[in-house]
Amino acid sequence: MTVLAPPRLAPRYDAVIIGARCAGAATARLLARAGLRVLVADRGRHGTDTLSTHALMRAGVLQLHRWGVLPAIQAAGTPVVRRATFTYGADQLPVPIKPRDGVEGLYAPRRRVLDRVLVDAALAAGAVVEYGLRLIDLLRSLDGRVVGAVLLSEDGRAYRVETPLVIGADGVRSTVAHLVDAPVTRAGHAAAGVVYGYWARLPVDGYRWYFQSGASAGAIPTNDEETCVFAVTPADRFAEVFRGDVAAGYRRVIAEAAPELVERLRAAELRGTFHGFPGLPGYFRRSAGPGWALVGDAGCFKDPITAHGITDALIAAELLATAVVAGSDAALAQYEASRNAMATPIFDVTERIASFAWTLAEVRGLHRTLSEEMAREVTAMAAHNAAGVPA
Ligand SMILES: Cc1cc2nc3c(=O)[nH]c(=O)nc-3n(C[C@H](O)[C@H](O)[C@H](O)COP(=O)(O)OP(=O)(O)OC[C@H]3O[C@@H](n4cnc5c(N)ncnc54)[C@H](O)[C@@H]3O)c2cc1C
């Protein structure tokens, strides 16, 4: 394989980030604003969707507010969420989401909105963002330190870029993690599968989460006056429920977990097709080493049942940017420790909820724990941000 000098790219950057979605774009924006020369490379396309629902939690929305990108998300028609309603069997528990810290409520922007807004903010901060470029290899010094990346364009040319830091923001199947052989430091066990679709003419007043033995469902108001409705089963039930006829499995799970939605779905209009995710147990990976770091799902993944992955990615971006600006291997190691300290309590409760090994009273208690941990997370990030890199 011939490796060429980049055509439009500089030969060297202060950081090369692989992956231009919520984790990569947020990290790039912060580093570029701190004065670093940053390249972001993604094999995909600008402003596209990805396999993910997109309910944000308080700490994530506060990061977007801190970074000044919420107005663009609101301008894209993302509705504000002022209430979450939890339904356990026949019992409903409405939870108001009060305005706080300059933010009206929560938001659930489609990924084609959120990721585009974050990439545009990274570009505005001075980062270089290139699509259609896939990481295929890393450059190393004689002592094994990562010192650059080899990127393959869609027309089959390979380019080498030198950098003291390659950041993998490249998702659960992270190529960076694979190339540096980053070990899994903690493996989860529980996994839930989900099928979701977008519905017109199905307005909901905020987030709706439904729980029943062996099934869960939810509704998330989002852009274009659509509502994302999802149906969840334990992963070991997923194939049996959805194989052959996804629509029938979806209706079956909604009928089990959220009977009140069944009639409403009949009167609504499905926009596009269903999207399915069979489930993947969570993990923590070693997320920093000589010349490399991992952020977002590349470094830590938790089951989507607690809708916390994007919020985690935005938090980790802030923690990582602080460490990179500090500029030492010790600071990068500290990043991993802080990320783990922040993410572990919610990882633990997510494992228990995703296991479906609970009674309705128990899952209600688990949601109380989740809520307390999310409040703790907001407080911890406020303290971090006060002392961290400029927004
Ligand atoms: C079904 C489902 C529902 C979910 N629902 C929610 C929810 O409601 N709320 C929530 O907060 N979280 C949710 N999550 C989790 C959330 O989707 C992830 O946590 C989030 O996408 C992580 O973002 P990221 O930027 O780390 O990675 P990703 O979004 O996975 O982005 C990785 C990027 O890296 C690029 N890439 C990968 N490999 C390479 C390579 N070799 N070279 C170049 N580019 C590369 C990809 O093209 C991609 O653009 C859900 C996840 C799933 C699967």
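## Surroundings of V38

Leaving aside its neighbours within four places in sequence, V38 is in contact with Y13, D14, A15, I17, A28, L31, A32, A127 and V128, where contact means that the C-beta atoms of two residues, placed from the backbone, lie within 7 Å. The model is a predicted one, in which local features need pLDDT of at least 70 and side-chain atom pairs count only at pLDDT 80 or more, while totals for chains, interfaces and linings use all residues. Residues are numbered from 1 along each chain as its sequence is written.

## Nonpolar core and domains

V38 is also among the residues that touch the most other members of the largest nonpolar core, together with V40, A217 and V295, in a core of 130 residues. Such a core is a set of buried Ala, Val, Leu, Ile, Met, Phe, Trp, Tyr and Cys residues joined through C-beta atoms within 7 Å; a residue is buried if 20 or more other C-beta atoms lie within 10 Å of its own, exposed if 12 or fewer, and partly exposed in between, with C-beta atoms placed from the backbone. The largest share of this core, 11 residues, comes from α9, and the core draws at least three residues from each of domain 1 and domain 2. Helices (H or I, at least four residues) and strands (E, at least two) are DSSP runs, numbered from the N terminus.

Domain 1 covers 3-57 + 110-188 + 282-387 and domain 2 covers 192-277, with bounds that come from an automatic or database domain assignment. Taken over C-alpha atoms, the centres of domain 1 and domain 2 are separated by 29 Å, and 13 residues of domain 1 are in contact with 16 residues of domain 2. On the side of domain 1 that touches domain 2 there are 9 nonpolar, 2 polar and 2 charged residues, where Ala, Val, Leu, Ile, Met, Phe, Trp, Tyr, Cys and Pro count as nonpolar, Asp, Glu, Lys and Arg as charged, and the others, Gly among them, as polar.

## Shell around the ligand

Of the 35 residues around the ligand, those that come nearest are G19, S52, G171, G296 and G309, a residue being near if its C-beta atom, placed from the backbone, lies within 6 Å of the molecule. Two or more residues of the shell are given by each of α1 (22-33), β3 (38-42), β7 (133-140) and α9 (309-326), and the largest share, 4 residues, comes from α9. By class, the shell holds 16 nonpolar, 13 polar and 6 charged residues.

## A mixed open sheet

An open sheet with mixed pairing is formed by 6 strands in the order β6-β3-β2-β10-β19-β18, where two strands pair if DSSP finds at least two bridges between them. Because β6 (128-131) and β18 (288-289) stand at the edges, each with a single partner strand, one side of each is left without a neighbour in the sheet. The pairing of β18 with β19 (residues 292-294) is antiparallel over 2 bridges, and A288 stands opposite A293 in β19.

## Loop residues

V80 lies in the loop between α3 (70-75) and β4 (83-88) and is partly exposed, with 17 other C-beta atoms within 10 Å. Leaving aside its neighbours within four places in sequence, V80 is in contact with E104, G105 and Y107.

Most residues other than glycine have a negative phi. D224, however, has a positive phi of about 60°, and E225 has a positive phi of about 55°.
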